[in-house]
Amino acid sequence: EPIYDTGNKTKHGLIKTDNFTSEFRQFIQSKYKSFYTPEQILGYIYAVLHSPAYRTKYIEFLKIDFPRIPFTDDEELFIELSDIGLKLIDAHLLKLIPDALNCPCIGNEDNFKVEKVLYEKNKVWFNKDRYFDNIPEEVWNFYIGGYQVLDKWLKERKKHEIALTSFDITHFQNVINVIGYTIITMKEIDELAWEWI
């Protein structure tokens, strides 16, 4: 990520500089012919960190230290992975909502309170009357940082006795789509990177 200098402005806004060491910047400049922005480099790193092959290979190292990031020798592949990583960042920030899954909230009653959380047959029930439909098992079982994302989100609302608003329903559906997109993208990254990562 770039660092913004709040003391210096141009007519276009704040001046930003790399948040990289000079050694790292020299490494990137010597490895590739083109100049890459901090955002492009971050996109590449983000893509590599979402490679299942990378996570498997470096699992023990990732538990105890900062991750080692392998940089491809193929500059076109660097650009491709950077673009994929930047799109993934936008999805994770909910700036880009992929239209991957249709997962409507179904039920006849007006009860939107989260009373129980149950997954069965691609349905996520949050009370006896209402459920989200068409949620693949791999999306439901997606974990981040040791937490099952969708289950955790709903159970937090149950814990605090929160009824879902239309905004909450849309947000949950967006998260479902982002998880589905993430799973597809992780496979795409592995197809590009598993041989050399």
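In helix 5, the residues Leu77, Glu80, Leu81, Ile84, Lys87, Leu88, Ala91 and His92 meet a partner set in helix 8, made up of Val178, Tyr181, Thr182, Thr185, Glu188, Ile189 and Leu192. Sorted by class, this contact of helix 5 with helix 8 has nine nonpolar, three polar and three charged residues. The model described here is a predicted one.

How are two packed helices described? For helix 5 (residues 75-92) and helix 8 (residues 166-193), the packing angle is about 165 degrees and the axes are 10 Å apart. Since angles over 145 degrees count as roughly antiparallel, helix 5 is therefore roughly antiparallel to helix 8. Their crossing is left-handed.

Helix 8 also packs with helix 7 (residues 149-159): the two axes come within 11 Å and cross at roughly 165 degrees. This angle makes helix 7, too, roughly antiparallel to helix 8. Which hand does the crossing of helix 7 and helix 8 have? Helix 7 passes helix 8 in a right-handed crossing, whereas the crossing of helix 5 and helix 8 is left-handed. On the helix 7 side, the contact is made by Val149, Leu150, Trp153 and Leu154, and helix 8 contributes Asp168, His171, Phe172, Val175, Ile176 and Ile179. The residues of this contact divide into eight nonpolar, one polar and one charged.

Helix 5 takes part in another packing arrangement, with helix 2 (residues 38-49). Here the angle is about 85 degrees and the axes are 6 Å apart. Because angles of 65 to 115 degrees count as roughly perpendicular, helix 2 is roughly perpendicular to helix 5. Helix 2 brings Glu39, Gln40, Ile41, Leu42, Gly43, Tyr44, Tyr46 and Ala47 to the contact, and helix 5 brings Phe78, Leu81, Ser82, Gly85, Leu86, Leu88, Ile89 and His92. By class, the contact of helix 2 with helix 5 has 10 nonpolar, five polar and one charged residues. Leu81, Leu88 and His92 of helix 5 take part in this contact and also meet helix 8.

Cys105 stands opposite Phe132 in strand 6.

Finally, the structure holds 15 aromatic pairs. One of them joins Phe24 and Phe27, whose ring centres are 6.3 Å apart and whose planes lie at 35 degrees, so the pair is tilted. Phe24 and Phe27 both belong to helix 1 (residues 22-31), and because they are three residues apart there, about one helical turn separates them.

Key: Residues are numbered from 1 along each chain as its sequence is written. This is a predicted model: local features need pLDDT of at least 70, side-chain atom pairs count only at pLDDT 80 or more; totals for chains, interfaces and linings use all residues. Side-chain values use heavy atoms; hydrogens and water are left out. Axes are lines fitted to C-alpha atoms, for helices over the stretch in contact, and angles run from 0 to 180 degrees between N-to-C directions. Helices (H or I, at least four residues) and strands (E, at least two) are DSSP runs, numbered from the N terminus. Angles under 35 degrees count as roughly parallel, over 145 as roughly antiparallel, 65 to 115 as roughly perpendicular and the rest as oblique. A crossing is left-handed if the near helix is turned anticlockwise from the far one by less than a right angle, and right-handed if clockwise. Contact means heavy atoms within 4.5 Å. Ala, Val, Leu, Ile, Met, Phe, Trp, Tyr, Cys and Pro count as nonpolar, Asp, Glu, Lys and Arg as charged, and the others, Gly among them, as polar. Two strands pair if DSSP finds at least two bridges between them. Rings of Phe, Tyr and Trp (its six-membered ring) pair if their centres lie within 6.5 Å; planes under 30 degrees apart count as stacked, over 60 as edge-to-face and the rest as tilted.
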